[in-house]
Every structure is written in C-alpha cells, then in structure tokens.
Amino acid sequence: MDILDAETLAGILVASFGVPMLAISYSVLLPGIVRKIQARIQQRIGPGILTPGFFAILKFMFKHKPVISSPMPTLYKWSPSLGIAAMYFVVIFLTPQWAGILGLGSLVAIIGLLKIEEFVYVVMGYLSSSILSVRLPYPDTAKGSKWSDAHRSTLENWGSVRMWKMIVFSSLPLYVAMFIPVAFAGSISIADIVNSQAGGNCFIFRVPGAIGAAVYFLGYVAILNEYPFSIGKAKADLVEGPMLELASSWRASYYLMRALVMFAVSSIFVTLFFGVPLDPLNGYRIIVHLVLVLVLPALGAVLSAFSPILTFRQVVPVSVVATVVGFFTFVISMGVGG
Amino acid sequence: MSAEDNDYSEFMGKGKARERTFETEIPIGFVHSALLEPYRTRYFVEDEIVKDCEIEMDPAYRGIERILEGMPVDRANIITERICGICSNGHLWNSVRTAEAGLNIEIPKAAQAIRVLAEELERIHSHLIFIAHACEVLGHETFAYRSFLMREPVMQILYMISGNRVNYAIPVLGGVRPRTQIAQWKGKAILEAMDKLDANLKKFIERFLADIMVMSRLKGVGVCDKRTAIKYHAVGPTARASGIDFDWRIKMPEYKDFDWDMVVLDEGDNAARVKTRALECLVSARIARQAVEKAMGDSDVLNRDWQLGSMAIQHSYIEVPRGELYHSYRLDDQGRIRHYIVRTPTVTNLATMEVVCVGDQLTDAVVTLATCDPCLTCCNRFVVIDERGRERSMTLQDLRRGGS
Amino acid sequence: MKALARKRAIHVMLVYTGGCNGCDIEVVAAVYSPIHDLEQYNVMLTWNPREADILLVTGPVTKKIAPALKAIYDAIPEPKVVAAVGACAINGNVYKNLGGDLGPSTEIAGPVENIIPVDARVPGCPPRPEDIIAAAAAAIKILSGRSD
C-alpha cells in the first residue's frame, strides 16, 4: 500500500463525506423528475419537482411516530437505514480516491452491497402486519365460510416472498450486464475500467456496450421495483407490499433509500459504460457525471409510463432472455476487449 | 332440478384446509387500491396460483327496499337513484317504468328518446370508468388517465342536459323533467361531442389492442366458457363476452325504432370482456346520435294527465351497463309502494368470477374480478317481505340454487 | 420549515364506507382526470393509512364498516385531517333520514362524526371535482397551520 501523504488523505476525506452529501442532495430530485416526465406523458401537469422527493421526506420526518405493528419492531424500523448505509458505501467505493484502499474499489464489493439492499425488502416484508390485510376488523371466519382453518398471510408476507423470487430472477440481468465492461477491460477494479475508456473511448458507443447498456437498463428498472417489474410491491394486489407499516421518519428513511438506490445504480452505469467517474476533485468530470446520471431515470420513467405490472408468467421469460443475451455479450467482449 | 345439476360442493369448501394443498390464504380487504367499492375477497393460493376464492359482498348493505316500503311512489323513485352512483339513471328509469306500465301512463315520443339518450350516455361513461379501472388494476396508469380524459366530455354533456354530473334525475313519472329537453344548440353540441368521442375511442382501442404487454396480461386469463356463464347466470357484457347473445334492449319497446348492433364475442377471457365494453361504447354513441335527432327541438316532454291509483305487482327489466336490472313493486290504493324488489346484475356476475378466477396467478385473479365490472353498491342481498309480514334474507347461496 | 414541507407534499387517502359510490367516482375523477389533476397541487393519492395526512371519507358509515373506519383512522400518524365528502358522510343523506312505513335504515352507524372527528365537510350529492379540490385546499391550510 502506498504511503498516505496529506494530499491523498484529503482526497479520501472529501470522497467519504463530500460525495455522499452530494449524492443525497442530488438524489432527492430524481423521484420528482421521474414523476414529472410520467405526468407529461399522461397529458397533465404533475407535482412539483421537489415534491415527491425532498418535501415528502421532510414532511414524513415531522410526523408523530405511531406504534408499529410488528413482531420485531426495531429491526423493521431500521431496515431502510441499513439500505442507506449500503448505498453510502457503494457511492464512496465508486470514487477514484477509494480505488486503492483494501481492494474495495472493485465491482464485487459493489454487487455485494446491492445484494444487501435487495435483501432489506425481504426482511421488512416478513416482519410487518398492517391494518389493511388480515387485521382489518371483518368477520371472515364466520360459520359457513370456506376453509376457516387456513393459514392466513398478510399482504406484506406475500410481498416478502415475491421480493425473494425477484432477487433470484430479476437481478441476474443487472449483474450480468455489470460484468460486460469487466470483460472489456480485463479487470474487476473500477479504476481500471474507467482508465480503459479514457480519451472519449466510451464503451457504450461500441456494439457489445450498447447491448450491455440495454440489459443493464432492464436490471435498473427491476431493482427499483418500477413498472413493469413491480410485482414485489404491486399496487394491484399488495397495495404497497413490505413497506406498508413504515410511518413518519422511518418512511422518510425508506424514501431516501429508494432515491439513493436510483442515484447509485445510475452512477454505476455512468462509471462503467461511459467511463466518467464520480471524482469530487475534478469539477468538469463530476458535472458531466451528474448530467449523465439523469439518463437512466428518464428512460425508466418513459418505460414505466407505458407498461402494466408484469406477473411472474412474463417476468421470468423476459429476465431469462435478458440474462442469456447479456452472457453472450460478455463472452464476445472478452474477445473484443483491449 | 336434480342433485347432479346442483352439485356445488366443489366450492362449498367442505373438508379441512390442510387436506387440500393450500399454502396460505390472502385476504384482500375492502379498503384496497384495486377495489373501487367495498367487498372482501379471500384467495386461497398455492405458489402464486389461486386454488379457491370466496367473495363477501355485504359491507355496503344499506337496506334501500326497507326504506321504500310505504313511501309515496314519486318520492321513492328519486331515492332509488341513490342505490348506485354510476348506474343511477338505470335505477330511476326502471323504477319509473314499472309504475308507468302498471298505471298505463303514456309517454311522449321526445321523452322516450331523451330517456334512451340518458341511458346510453350513462353506458358510455360507465364503460369508460371500467376501462380506466381495469387499466389501473393492471398497473397501466397512462391508459387510465387517457380513459378518464375521454370520459370528461360525456360528463359535461350530462351536466349540460340535466344540471348535475352524477345523479341526473332525468326521468319522472309521465316523461322527463322539462328542464332536460334538448334545444337545438344543445343537440348540436351533443352530436359534436359524440363524433369526437368516436374518433378518440377508435384510436384508443387500436392502441390498446396493439400493446404487447397489456394483451399478454389479458389474453387467455380468466376464461369463462359459455357453459359456465349459463350455469352461474352471468348477464350483460360479462355474458356477451362468453358467447351468450342476449341483451335486454332487444325486448324493450323503447329501443324498437333505433338501429344498433349487439356486441358478442366468443373467447370469454379478460381481453374479451374489456373489448366488449369498448365496442359497446361505439354502439351507444350511435344510438345517442339517433336519440338526439329524434328529441332535438321538441318541447313536449312531460305528460301530466294521469291518475295515481293502486297497481298489482309489476315487473320491469332493462339493460344497464352491467347487465340486467329488475325492479318490481305494487302500489296500494293510496299510491304507496309495497314490496319493492331490486335485483342487480353484479350479484351473479361476481359469483361467476369467483369460479372463473381459480387457476390463475393472484395478480391476474384480481384483474379477473375487476373485469366483470362489479358495482357492489347495487348488489348485496335483498330482503323479501312476504305477505305475512315476515322478513327473509336471501343469501348468495339461495340465488345460486336458483332460489325465488 | 415544518409548515412549508406540510404544504408542499400531501398524501390523501380515500375510504369508502358503503355509499352509492358517486362521491368516490368524483374523487377519483378529481385525481385521475388530466383536466382536474389533483397532483398538480402537490396532493398525491395513496392507499396506505401510514402514509396519509388527509383522510377523505365518503358514504354513510354502515355498521359493518364502522370498526374498520375507526381502525384505519387510528393507524394514520398525527397530524391528520379528516374530510367528510358528500351529503351521506355529513348527515346520512337519504339512508338515515328518510323512511316509509318501516322507518329509515337500521344498518347505518351514523354520519362520520359519530365515529371519528371531522375537520372539513364538502356538501353535495355528489360534490363536483372542483368542490373536492377546494376541500383539499382547505384541509391543507388546516394541516400547515398545525404547529405540533
């Protein structure tokens, strides 16, 4: 390991504190932009850009905290914060300043942290029992009703089961697509992938890169549980899925977690496929990076405005096809890479 | 009816749940994003496939027939409008029609045309709400917004004719309210709006049927073949999507002079049910145009010389947006209502869907229930007060047995 | 800051308690019709009581729904505002107040204020979407004026 001089240390400090602050303040704009694009497609004026992200989070922080109905309330309430912590580390591991430290500037670390975030949903769904499902005061199991001794699940439990299935099926395209630039650059270190695209030689402008970007886009929509891959928290039958019991500041933390996931996954895309890193010490690069981060959310907004919820009947074939396409592109990129 | 005809044991739920392979039960409660009206469904699922289903419909029971017992007939007619907010004109028209048939009241031609116009406009706006709701349950918000955008002009027309967007109170005993006569300028506005609606709706239907993702969700799901539809007494567009070619408008004398087609499809799946209603909107626009032409400029819309007296039990059936609506009552010698019975289409339509949604995934089953266009506020059980003054409730089980 | 946040992001939940559904259709038209579009006023429709600030109640409350209405009201975190939409929610309308020989309906647990406290009332049978938007604006004023 290199000797830590003052300049490198200062760079690491800026990356560890400045970049997450930037990420948080920028990411609370993203839900509003998405909603506005969807509203314009639907031929109406939507809410203000700051409303679904910034002001909603603030408002929820000021609400009183009710008693959460859950077998393990503390774990349930703090699960979104675990997701926020995972995203914090993703964002700082993407910076060039962290590239050499303990090998953490590599793709494997990032994928592990994203897996933690996906698992948060499963944990939350298992641990909650809201008023809207089984607990609604209604005489269901009266005399003469069908199967009155059946086991009853809450909507969130079912959401948790579905999120588990989504981890298996729909995160595969995302991870396969992330490995395509690895094949191109010949290394899992993010710094190497960025340097192999130096001088405007962006991977996305080459054919395997474009296909990889398309597969990555599908994976982005799936990890965010947006339409058409929102079966885990489908509004049609699960109302909101595992997030039903979150209230006041814990709901604010969930909104923030989701905004940060939007930012982090887009940021990974820009770093891997455009070769523009999240470098706090280079003003030009960081501005280009922030502008390019808007590409995936905007495309995601257009796709989700024009699609219904797809059930597992359709999600499984789509993600199998995407994974297979991604795998072949990976094999091709190994030959192409330079 | 022999025991084999009425073997309903497969859905009576006999036996223990553990003996059947149910993983779990998921209740979808009466406050939910997929329901517009309160009804409780219990789905018994195994690995996302619905193996059985039970629907409980009575949260919205308000006892309308009980309120109407002994009321003067013209007051009672207006109250029946509040049975349902979407099909309000259907209830009022049928209620007024029953008394007019029994008391032999003549209706002017223009008034008949305006009543038909109101019913067809109501059919259009009800079907457009249904399409918006079905798209919402599918998850496609954009189509829902487009459908509501198409519906707004229809509401504005109803507002222009009658003075209110919902609960328009157009028919009265003897004709229609004088305020609702169609002047020349109103008639022109309605014709223009119908033309625009035609054009927009045709574009929307083409776009809808060409969308791969939406059609893959709707085609082949919730298949209700003709035999099932007949066995469980499905009515209205739900039945016509399964190949049953009956529409009460064939038999109603008010529709005799109109030129229209009945929309019948064969597939019986969710896509067919949505398509039937979309095509019926186009047919309704045609009938509405003819009705406007018949009624435009005519100011003789109310017949005031008739006598109120007693009337034996009179039955009346009309075709409302969801199917067959039945009203019946008798009048005693002071003109007060006795033994009002209202039987609405959703009772049997929803029962059919309860059987049809088995075998699909949970999300698809919720869509299947939504495609029969349930209107729970009409539905519920009705109270039969027989001549000895005893009350007897009829439940869904009685109706399934073809009870009377 | 609190008042600003409460004014700029509002979540509304709709509970239907067994009415004729006319008011529900008008509320849904106010939200989902691009002409009226409640979202442009930063009011978003939700179906989760834990997320809601304003509760819109329609319908005369039938006896079967009354406990569920109370439970949903209790599940909403403070500060909250209840708006009774339509004549049924305000005073029971035709179901509670009219009757022939057998009297009015025995299935109504009363207008909404018998079960939960009401802050805003929107009259009409049904109220027009413009009235519902005005009610949302009045409820927002109450909400942002609360200092707790």
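**Notebook: chains A and B**

I started with the elements of chain A and counted 12 helices and zero strands. This is a predicted model, so I kept that in mind for each entry below. Reading chain A from the N terminus, I get α-α-α-α-α-α-α-α-α-α-α-α.

*Chain A, overall form.* I wanted to know how its radius of gyration sits against the globule rule. A compact globule of 338 residues would come out near 20 Å, and chain A has 21 Å, so the two agree. I also looked up the extent of the C-alpha trace of chain A along its principal axes, which is about 75 × 45 × 45 Å. For burial, I noted that 53% of the 338 residues of chain A count as buried. Then I turned to contacts in chain A with a separation of 6 or more: 80% of them come from residues 24 or more positions apart.

*Where A touches B.* I found 38 residues of chain A in contact with 38 residues of chain B. Which helices of chain A each supply at least two residues to this side? They are helix 6 (155–185) and helix 12 (312–336). Helix 12 of chain A gives the most, with three residues. I sorted the chain A side by residue class and got 21 nonpolar, nine polar and eight charged.

*Chain B, the sheet.* Next I went to the strands of chain B. I see an open sheet of three strands in the order 1-2-3, paired antiparallel. Strand 1 (24–28) and strand 3 (49–56) of chain B are the edges, each pairing on one side only. Ignoring direction, neighbouring strands of this sheet are turned by 20° against each other on average. How many bridges join strand 2 of chain B to strand 3? I count seven between strand 2 (residues 40–46) and strand 3, which run antiparallel. I also looked up B:Val45, and its bridge partner in strand 3 of chain B is B:Val50.

*Chain B, helix 5.* My last stop was helix 5 of chain B (residues 109–138), to check its length against its residue count. At 1.5 Å a residue, its 30 residues should span 44 Å; I find the end C-alpha atoms 43 Å apart, so this agrees. Is helix 5 of chain B mostly covered or mostly open? Mostly covered: 29 of its 30 residues are buried. I then stepped just past the end of helix 5 of chain B and noted that B:Gly139 takes a positive phi of about 110°.

Methods: Residues numbered from 1 in each chain as written. Chains lettered and ligands numbered in written order. Predicted model: local features only at pLDDT ≥ 70, side-chain atom pairs only at ≥ 80, totals over all residues. Helix = DSSP H or I, 4+ residues; strand = E, 2+ residues; numbered from the N terminus. Expected span 1.5 Å × (residues − 1). Buried ≥ 20, exposed ≤ 12 C-beta atoms within 10 Å, placed from the backbone. Pairing = 2+ DSSP bridges. Axes fitted to C-alpha atoms, helices over the stretch in contact; angles between N-to-C directions. Rg over C-alpha atoms; globule rule 2.2 N^0.38 Å. Contact = placed C-beta atoms within 7 Å. Nonpolar A, V, L, I, M, F, W, Y, C, P; charged D, E, K, R; others polar.
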